[in-house]
Amino acid sequence: MPVITCIEDLKRLHQKRTPKMFWDYCESGSYTEQTFRENTSDFAKLRFRQRVARDLTGRVLESTMAGQKVSMPVALAPVGSTGMQHPDGEIHAARAAAKAGVPFTLSTMSICSIEDVAAHSPEPFWFQLYVMKDEDFVDAIIERARAAKCSALVLTLDLQILGQRHKDLKNGLTSPPRPTIPNLINIATKPRWAWNMARTPRRQFRNIVGHVKGVQKLSDLTAWANEQFDPQLDWSKVIRIRDQWKGKFILKGVLDPEDAKMAADAGADAVIVSNHGGRQLDGALSSIRMLPSIVRAIGDRTEVWMDSGIRSGQDVLKALALGAKGTMIGRAYIHGLGAMGEAGVTAALEVIRKEMDITMALCGERDVKNMGRHNLLVPEDFEGRWA
């Protein structure tokens, strides 16, 4: 096994071992990819304050997220087509998350179904919902998540209209990949991925195929999905889904303080500051820039978490120092999954945990819950504010 010291090590292995269309799906944003790039580069503009001559024994990373105990304030974000980065990817990620003591979130657009993951995960997981025009499907999948004992529902708000990702269009992205000559040539260079994918029956969106009327094959599914994201999703529908679910309710994709206030009014147990990893509105500010203004807007009314751009334990600490109570990682764990399957996800989480522990100590803190603005040097023009 190669020596893994950072997420970048896993990223290089991921690119080497995964077909190009799925690597590009992970490592891309919409249009010019400005927001995608700034999600990560803006973290580098924040600096830690080094403190010395303090007792650093007995350090604690444990916390809670929406009332759930976590070994560190990090959850695995929902990522579509995870089972194409590595065969049975959602199952492997859920197992690694359970072993690490952090939550795993299954996407509506997963390759492994809710039932697949429930049958193989040793712990309850969270389920992420995209609101579709087909209300029967939405109602049914909520009930399936409840039956699988999912411990929270994560409703994504920022995908009413699908952002254009140039690489996905140029690659002709599908799950499974179409057997075109370029795809077959590329897959031939990834023998480990091809061999393992051939051994699993999970190669399409199993939450959808067989659960939607008229969708029984890939061509039907593609047409259905392209038409189904609900452009009429509003706060009344959010509240209806909250009332139907009745459990822990998390709203993801909030990037404006006014929307954050409405999310709190809607009864969210947590609000996730996120721009969908830079895959939706290109030109929007990064999540880390918008985080402080959203924390100020809703205060202690509900928990504020941050997603999009986190690639290290240091990034997690910077988000916490700016007011987040929890974080979500997507590409960071997907790089581990694509590199080495379940072991790679475990490696990614261990990297983040170790970076958090050492950095927190060098900032003079022993408990992650004590991280705050006093641990950072923040440029005056950093925070996202509207005139």
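**Pockets, cavities and cores**

The second largest pocket has a volume of about 550 Å³. The model is predicted, so local features need pLDDT of at least 70 and side-chain atom pairs count only at pLDDT 80 or more, whereas totals for chains, interfaces and linings use all residues. Residues are numbered from 1 along each chain as its sequence is written, and side-chain values use heavy atoms, with hydrogens and water left out.

- On a 1 Å grid over the protein atoms alone, a pocket is an open set of points with protein on both sides within 12 Å along at least five of seven lines, and a cavity is a set of points where a 1.4 Å probe fits but cannot get out.
- Lining residues have an atom within 4 Å of a point.
- Grid points are joined across faces, edges and corners, and a volume is the space filled by probe spheres set on the points.
- Helices (H or I, at least four residues) and strands (E, at least two) are DSSP runs, numbered from the N terminus.

**Second largest pocket**

- Its lining comprises 26 residues, of which Leu157, Asp158, Gly253, Leu255 and Asp259 lie nearest the centre.
- Helix α12 (235–245) and strand β8 (249–254) each contribute at least two residues to this lining.
- By class, the lining holds 14 nonpolar, seven polar and five charged residues; Ala, Val, Leu, Ile, Met, Phe, Trp, Tyr, Cys and Pro count as nonpolar, Asp, Glu, Lys and Arg as charged, and the others, Gly among them, as polar.

**Largest pocket**

- The largest pocket has a volume of about 1,000 Å³.
- Of its 44 lining residues, Tyr25, Arg165, Asp168, Leu173 and Arg279 are the closest to the centre.
- Two or more lining residues come from each of α2 (20–26), α8 (166–171), α11, β11 (326–329) and α16.
- Helix α11 gives the most to this lining, with five residues.
- The lining of the largest pocket divides into 20 nonpolar, 16 polar and eight charged residues.

**Cavities**

- Two cavities of 30 Å³ or more are found in a search of the whole structure.
- The largest cavity has a volume of about 60 Å³, and its lining is formed by Val131, Met132, Lys133, Glu135, Val138, Asp230, Lys237, Arg240 and Ile241.
- Both α7 (135–147) and α12 supply at least two residues of that lining, and α12 gives the most, with three residues.
- The lining of the largest cavity has four nonpolar, no polar and five charged residues.
- Five nonpolar, two polar and one charged residues make up the lining of the second largest cavity.

**Nonpolar cores**

- A nonpolar core is a set of buried Ala, Val, Leu, Ile, Met, Phe, Trp, Tyr and Cys residues joined through side-chain atoms within 4.5 Å.
- The largest such core has 108 residues, and those with the most contacts inside it are Leu76, Phe104 and Leu291.
- Helix α17 (residues 342–362) supplies the largest share of this core, eight residues.
- A second, separate core of 13 residues includes Ala77, Ala270, Ile272 and Met328.
- Apart from residues up to four places away in sequence, Leu291 touches Val273, Val304, Trp305, Met306, Ala319, Leu322 and Ala324, where contact means heavy atoms within 4.5 Å.

**Helix packing and burial**

- Buried means under 20% relative accessible area, exposed over 50% and partly exposed in between (1.4 Å probe, protein chains only).
- Thr35, Phe36 and Asn39 are buried in helix α3 (residues 34–41).
- Seen down the axis of α3, these buried residues fall within an arc of 110°, so they line one face of the helix; the arc is that of the directions from the helix axis to the C-beta atoms.
- The buried residues of α3 pack against α14 (287–298) and α16 (331–340).
- Gln228 lies in helix α11 (residues 218–228) and is buried, with a relative accessible area of 11%.
- Leaving aside neighbours within four places in sequence, Gln228 is in contact with Val131, Met132, Lys133 and Asp134.

**Positive phi in loops**

- Ala53 has a positive phi of about 55° although it is not a glycine; Ala53 is found in the loop between β1 (47–48) and β2 (63–65) and is exposed, at 83% relative accessibility.
- Ser81, also a residue other than glycine, has a positive phi near 60°; Ser81 lies in the loop between β4 (74–76) and α4 (82–85) and is buried, at 7% relative accessibility.
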